[in-house]
Amino acid sequence: MSKNILVLPGDGIGPEIVTEAVKVLNTVNEKFNLGLTLENGLVGGAAYDVHGTPLPEETMSKARAADAILLGAVGGPKWDALEDRELRPEKGLLGLRSGLELFGNLRPAILYPQLADASSLKPEVVSGLDILIVRELTGGIYFGKPRGIRVLENGEREGYNTYVYNESEIRRIARVAFESAMKRNKKLCSVDKANVLEVTVLWREILIEVGKEYPEVELSHMYVDNAAMQLVRAPKQFDVMVTGNMFGDILSDAAAMLTGSIGMLPSASLDKDNKGMYEPCHGSAPDIAGQGIANPLATILSAAMMLRYSLNEVAAADAIEAAVSKVLDQGLRTGDIWSAGMEKVSTEQMGEAVVAALL
Ligand SMILES: NC(=O)c1ccc[n+]([C@@H]2O[C@H](COP(=O)([O-])OP(=O)(O)OC[C@H]3O[C@@H](n4cnc5c(N)ncnc54)[C@H](O)[C@@H]3O)[C@@H](O)[C@H]2O)c1
Ligand SMILES: CC(C)[C@H](C(=O)O)[C@@H](O)C(=O)O
Ligand SMILES: [Mg+2]
């Protein structure tokens, strides 16, 4: 049966890295006879430029109909000055996440042993690192209402957002985290700010409650400030971490550097039935866009996650991950993961090397 993939390259380096991931997908499609059909769509600034909105209805309906979505990145200085905040590229991405109820965001931070030199930390602190950050993606302060910028009686402006989670939102992401922990090392650290924020007092209570259904999983709790510090001090103490939308955004970028580069961190954003959108954790990198030097591996590894989680094509996913490891063995490095003695390659050369490693 044919499976339909919606490809949304987006902005900045998005089209460059997605081009390489699509080559990889086409290669496994043929090699493993997967029956994938790829279709392109517009999101973010690219969609705004054509349709005047970052999330056209056409994209939303294609996304609803697709079996899975592969996205590059959105945003960039060209659209940062848009006065109507609802029209900014990032709103297109947030609209996809909330419209499709992709509440479960998996961000695995894995250090490939070949990249030990590229990590920000000493080899003995990071070698063998394999953490999964489970981030709640459709709630919290990103979506809480009321929000906005208002003018006070004294004429001063005030910006405000609302950090809110209800029990069912916490319970469903807690289940994703416990289920992930069950498949791994049965160790889960929930990150909150329960010493200050009531919303996370409730978060902690619900985590403990759901934890009773998973007695084999060792549940711990950590305040987010300490978690940020512990991630860069001794990251291997963690296995699965679960946290809310904003803390997860920040902690996953920090975890990315432990793996050598944000260009190495893939992600899956899943709904309750494991239908999902797959994208690198990084952004559109305007500072290097158009130069052909971005690292496409996070996007290629996101495509592998797509095959694993939404399409149930485990052999093809394994093959992509093995091919990535092989090109790193060959000493090929984009600039962000380059170290002395390695061969510096372009985005396209990296993508083609992964394709060659698959053949
Ligand atoms: N999922 C997304 O679409 C997403 C994620 C984060 C940021 N953004 C948007 O992207 C724009 C730029 O944001 P930013 O600069 O804060 O974050 P960014 O992740 O785009 O870039 C941060 C730094 O990492 C580097 N980098 C990122 N990806 C890389 C890759 N694949 N290879 C090599 N280097 C890479 C960039 O060159 C830059 O120096 C903003 O408009 C932001 O809103 C989008
Ligand atoms: C672009 C932005 C809305 C997004 C987020 O904050 O979730 C990004 O930083 C990410 O990590 O996917
Ligand atoms: Mg982010």
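Which of the 22 residues around ligand 1 come nearest?

View 1. Gly75, Gly263, His282, Gly283 and Asn295 come nearest, out of 22 residues around the ligand. A residue is near if its C-beta atom, placed from the backbone, lies within 6 Å of the molecule. The shell holds 11 nonpolar, seven polar and four charged residues. Ala, Val, Leu, Ile, Met, Phe, Trp, Tyr, Cys and Pro count as nonpolar, Asp, Glu, Lys and Arg as charged, and the others, Gly among them, as polar. The model is predicted: local features need pLDDT of at least 70, side-chain atom pairs count only at pLDDT 80 or more, and totals for chains, interfaces and linings use all residues. Residues are numbered from 1 along each chain as its sequence is written, while chains are lettered from A and ligands numbered from 1 in the order in which they are written.

**View 2. Three annotated aspartates.** An unreviewed UniProt entry lists Asp225, Asp249 and Asp253 under "binding site"; such annotations may be inferred rather than shown by experiment. They spread over 29 residues of sequence but cluster in space, with a largest C-alpha distance of 14.4 Å.

**View 3. Asp253 in helix 10.** Asp253 is found in helix 10, a DSSP run (H or I, at least four residues) numbered from the N terminus. Beyond neighbours within four places in sequence, Asp253 is in contact (C-beta atoms within 7 Å) with Ile262 and Cys281.

How values were computed:
Helices (H or I, at least four residues) and strands (E, at least two) are DSSP runs, numbered from the N terminus. Two residues are in contact if their C-beta atoms, placed from the backbone, lie within 7 Å.
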